[in-house]
Amino acid sequence: MRILIALGVVLLAAGCGPRQKPPAGLEPATEAGKAVETAAKNPRGTAEDVTVTAAVKTSFSLNKALNGSNINVTTNKGVVLLEGHVASARQKAEAARQAKLVEGVKAVTNRLTVSPAGG
C-alpha cells in the first residue's frame, strides 16, 4: 500500500510542474500545435482543415510583418477565416495574401480589423 501511495505522489508531482516557454525558434511549432489542439475540439473540422489552419498560422509566425499580430485563423472546407486585430492596412492585406499561398486554401475571408495599437 505504501508503494502505491508513493508511486501516486511521484506521478502527481511529475505532471504538476510549470509549463516552460518553448526555446527560441520553436514558436511556430507551438502555434501549429495550438491550431491542431483547437481544431481537435471542433468535431466538424476535417484533417485537411486542421492542416491548413496550422500551415497558415505557421506561415504568419514566420512572416516578420505578421509575427506577433493578433490573428485568429479557422478553416472550413478549405475556406480560411481571418479574424482579430492588426496594426495597419498593410498587415491586413499581407495576412490575406500569405494565407492564399498556403496549399489547400480555396478562399480567404478577411475579417481583420485595423487598430494602430494592434488590438
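What covers the buried residues of α4? The cover includes α3 (47–62), β1 (70–76), β2 (79–86) and β3 (107–114), and the stops below visit several of these elements in this predicted model.

**The whole chain**

Begin with the whole chain displayed as a cartoon, where you can pick out 4 helices and 3 strands, which follow one another along the sequence in the pattern α-α-α-β-β-α-β. If you colour the chain by burial, buried residues make up 30% of its 119 residues. Among contacts between residues at least 6 apart in sequence, 61% join residues at least 24 apart.

**Helix α4**

Select residues 89–100 next, the 12 residues of helix α4, whose end C-alpha atoms are 17 Å apart, in agreement with the 16 Å that the helix should span at 1.5 Å a residue. With side chains shown, the buried positions to look for in α4 are Q91, E94, A95, A96, Q98 and A99.

Within this helix, display E94 and R97 together: the two residues are 3 apart in α4, about one turn of the helix, and they form a salt bridge in which the closest N and O atoms are 2.8 Å apart. The count of salt bridges comes to 1. As for the burial of the two partners, E94 has a relative accessible area of 17%, which is under the 20% cut-off and therefore counts as buried, whereas R97, at 42%, falls between that cut-off and the 50% one and so counts as partly exposed.

Then move to Q98, also in helix α4, which is buried with a relative accessible area of 14%. Leaving out residues up to four places away in sequence, Q98 touches S59, F60, N63 and L66; of these, S59 and F60 are listed among the buried residues of α3.

**Helix α3**

Select D49 here, in helix α3, and ask which side chain of opposite charge is nearest to it. What the side chain of D49 does reach is the backbone nitrogen of G78, at 3.0 Å. Apart from its neighbours within four places in sequence, D49 is in contact with T75, N76, K77 and G78, and these contacts point to the next selection.

**The hairpin of β1 and β2**

Show β1 and β2 together, two strands that run antiparallel and are joined by 7 bridges. At the turn, the hairpin has 2 residues between the strands, and K77 takes a positive phi near 55 degrees. N76, one of the contacts of D49, has V79 in β2 as its bridge partner.

In β1, the covered face carries I71, V73 and T75, while N70, N72, T74 and N76 lie on the uncovered one. T75, on the covered face of β1, is also one of the residues in contact with D49, which returns the tour to helix α3.

Note on methods
Residues numbered from 1 in each chain as written. Predicted model: local features only at pLDDT ≥ 70, side-chain atom pairs only at ≥ 80, totals over all residues. Heavy atoms only, no water. Expected span 1.5 Å × (residues − 1). Buried < 20%, exposed > 50% of the residue type's maximum accessible area, 1.4 Å probe, protein only. Contact = heavy atoms within 4.5 Å. Pairing = 2+ DSSP bridges. Lys, Arg positive; Asp, Glu negative; His and termini not counted. Salt bridge = Lys/Arg side-chain N within 4 Å of Asp/Glu carboxyl O. Polar contact = N/O pair within 3.5 Å; in protein donor to acceptor, adjacent residues only side chain to side chain.
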